[in-house]
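Come along while I look things up, one entry at a time.

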Amino acid sequence: MSDDVVERRSVDYVPPEERHGKPWHLFTFWFASNVQITGLVNGALAVTLGLDLPWAVFAILVGNLLGGSFMAYHSVQGPRLGIPQMIQSRAQFGFRGAALPAAVVVVMYFGFSLEGSVVTGHALENWLAVPYPVGVVLSNLASLVVAVVGYQLIHAVSKYVALVSGLLFLALFVELGAHLPAQHAAAHVSAGTVLLAISIFASWQITWAPYVSDYSRYLPEDTPPRTTFLWTYLGAAVGGSWVMVIGAFAAVVGGSALGDDAIGFLAGRFPAVSWLIVAALLVGGLPGAAASPYGAFLTALSAVSASGGSSPGPRARAVFVTCFLAVTAVLAVLVSSHTMELFQNVLLILLYLLVPWTAINLTDYYLVRHGDYDIEAFFREDGPYGRWNRGAVVIFLVSMAAEVPFINSSVYEGPLAELFGGADLSWVVGLAVGGIAYYAHSARRRNDLRASDVDSGGRVAHRAPRES
């Protein structure tokens, strides 16, 4: 395959002469990543939790629109810094300390990849009449190709998938909406259940955060931050809200049939072209499915790569992605049942782990350093960011611990969540504790931190690393 097509960079800095693309490309990528089958199934959770349709739609909108703002603020960092998201964490946690959140993020990628494999594996099982394990393997092959080629193919595929998915889900919106009952009796509507649902939908958006700037880092450095934010937000938060509302419609109309075989149920809404619907739904999940192994490679490499200029390229990415998807396939076969419960638990657990990281990262970027970083220092173990920022590591762990009493999942319900009628406020606590504690911790060091980011001439040291 041509070197012009296969991405040769990994976690290293993208120099100005290699920057390309338009901000609206962020919309097609994030729209395609959200408007797909796993987004729809996630939206159905509002109904399976016991909410009636109006409250389900309310929770979907609030969760997505609020959570999406955090991930869109991360997107702004890409054009400014020209590096993947988790490399930037070295400024907060230190060169080696950043390996801690990186490990959490790799687990997150496995969670999302697992979700997609279970859903598409069942679809191929029914559509092609093959054993479920074969369906799982087939569902990962296309993701493998796109992830190995890298950034350009991911964005190129997203442009076409966004159009196909937009038309498909518009048809599903109209068809399912026409079959909604006049009244939908809810099993359990309470403030706690509504807040739990909001947490699930906020988590869908917040868990994109560790790799948002991976898909904006090739944009020109002078791309306006507002433009980057808006295109990302429209694609992710607005697109995600829409597809999840359709998922709530589907849960009301289809009941348990959606959880048993989501793609088969949706294809059955249009019997004459059901095969085309299945194909479109499978293709529609491709950008999001490819993003998991691709992002996991960048994140894992950020934890072990000492120098951006000597980072492994396409061959290493191919090996890693192949191993990643092989492990995902095995796990998908083992957890093939209880799909809806699996989605809920994966999303909530990831939320508990990642909210403190996003609070620390955004606080550092917007309130402490105001976007001014020494790019070269990200790739020096003995640089101004140090090997370990013990304060940030402790804050990260303490923030996760502070969330525990507020957790509500089918695995564990904290005492304060129970006290608040099942409301899951853990993500709000994690954001507040992580952000406030990190800002207070940085106050003592702020002058030193800013001094390390300014060269002897008093100018911001926003320098590209030398190519090795």
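Which residues does T38 touch, leaving aside those up to four places away in sequence? I found E115, G116 and W204. A note before I go further: this is a predicted model.

**Entry: more on T38**

I placed T38 in helix α2, which spans residues 37-48. Next I looked up its accessibility: T38 has 9% relative accessibility, so I wrote it down as buried. The side chain of T38 also has a polar contact with the side chain of Q36, at 2.5 Å.

**Entry: the whole chain**

Then I stepped back to see the overall picture. I counted 20 helices and zero strands in the chain. The chain has 468 residues, and 59% of them count as buried. I also looked at contacts with a separation of 6 or more, and 86% of them come from residues 24 or more positions apart.

**Entry: helix α1**

Is helix α1 largely enclosed or open? My notes say that nine of the eleven residues in α1 (residues 24-34) are buried, so the helix is largely enclosed by the rest of the structure. Among the buried ones I listed H25, L26, F29, W30 and N34.

**Entry: α7 against α14**

I turned to helix α7 (residues 99-128) and helix α14 (residues 274-284). Their axes come within 11 Å and cross at roughly 155 degrees. Angles over 145 degrees count as roughly antiparallel, and α7 and α14 are therefore roughly antiparallel to each other. I noted a left-handed crossing where α7 passes α14. On the α7 side the contact is made by T120, A123, L124 and W127, and on the α14 side by W275, V278, A279 and L282. Sorting the residues of this contact by class gave me seven nonpolar, one polar and no charged.

I also jotted down a reminder about helices. An α-helix has 3.6 residues a turn, so residues three or four places apart point the same way.

**Entry: α7 against α16**

How does α7 lie relative to helix α16? I first noted that the axes of α7 and α16 (residues 314-334) come within 9 Å and cross at roughly 60 degrees. That angle makes α7 oblique to α16. The crossing of these two helices is right-handed. From α7, the residues in the contact are Y109, F110, S113, L114, S117 and V118. From α16, I wrote down F324, L325, V327, T328, L331 and A332. The contact of α7 with α16 has nine nonpolar, three polar and no charged residues.

**Entry: α15 against α16**

Helix α16 came up again, with helix α15 (residues 286-304) as its partner. The two pack at an angle of about 120 degrees, and their axes are 9 Å apart. They are therefore oblique to each other. I recorded a right-handed crossing where α15 passes α16. In α15 the residues I noted are S292, P293, Y294, A296, F297 and A300. They meet A316, R317, F320, V321, F324 and L325 in α16. By class, the contact of α15 with α16 has ten nonpolar, one polar and one charged residues. Looking back, I saw that F324 and L325 of α16 are also listed in the contact with α7.

T358 is in helix α17 (residues 339-368). Its relative accessibility is 1%, so T358 counts as buried. Not counting residues up to four places away in sequence, T358 touches H74, I206, A209 and L431.

I found V252 in helix α11 (residues 225-254). V252 is buried too, with a relative accessible area of 15%. I then checked V252 against H179, which is 73 residues away along the chain. Their C-alpha atoms are separated by 9.3 Å.

**Entry: two loop residues**

Where does A129 lie? I found A129 in the loop between α7 and α8 (132-149). Its phi is near 55 degrees, a positive value in a residue other than glycine. A129 is exposed, with a relative accessible area of 68%.

H370 sits in the loop between α17 and α18 (390-403). The phi of H370 is near 55 degrees, again a positive value in a residue other than glycine. With a relative accessible area of 48%, H370 is partly exposed.

Conventions
Residues are numbered from 1 along each chain as its sequence is written. This is a predicted model: local features need pLDDT of at least 70, side-chain atom pairs count only at pLDDT 80 or more; totals for chains, interfaces and linings use all residues. Side-chain values use heavy atoms; hydrogens and water are left out. Helices (H or I, at least four residues) and strands (E, at least two) are DSSP runs, numbered from the N terminus. Buried means under 20% relative accessible area, exposed over 50%, partly exposed in between (1.4 Å probe, protein chains only). A polar contact is a pair of N or O atoms within 3.5 Å; within protein, one must be able to donate a hydrogen and the other to accept it, and residues adjacent in sequence count only if both atoms are side-chain atoms. Contact means heavy atoms within 4.5 Å. Axes are lines fitted to C-alpha atoms, for helices over the stretch in contact, and angles run from 0 to 180 degrees between N-to-C directions. Angles under 35 degrees count as roughly parallel, over 145 as roughly antiparallel, 65 to 115 as roughly perpendicular and the rest as oblique. A crossing is left-handed if the near helix is turned anticlockwise from the far one by less than a right angle, and right-handed if clockwise. Ala, Val, Leu, Ile, Met, Phe, Trp, Tyr, Cys and Pro count as nonpolar, Asp, Glu, Lys and Arg as charged, and the others, Gly among them, as polar.
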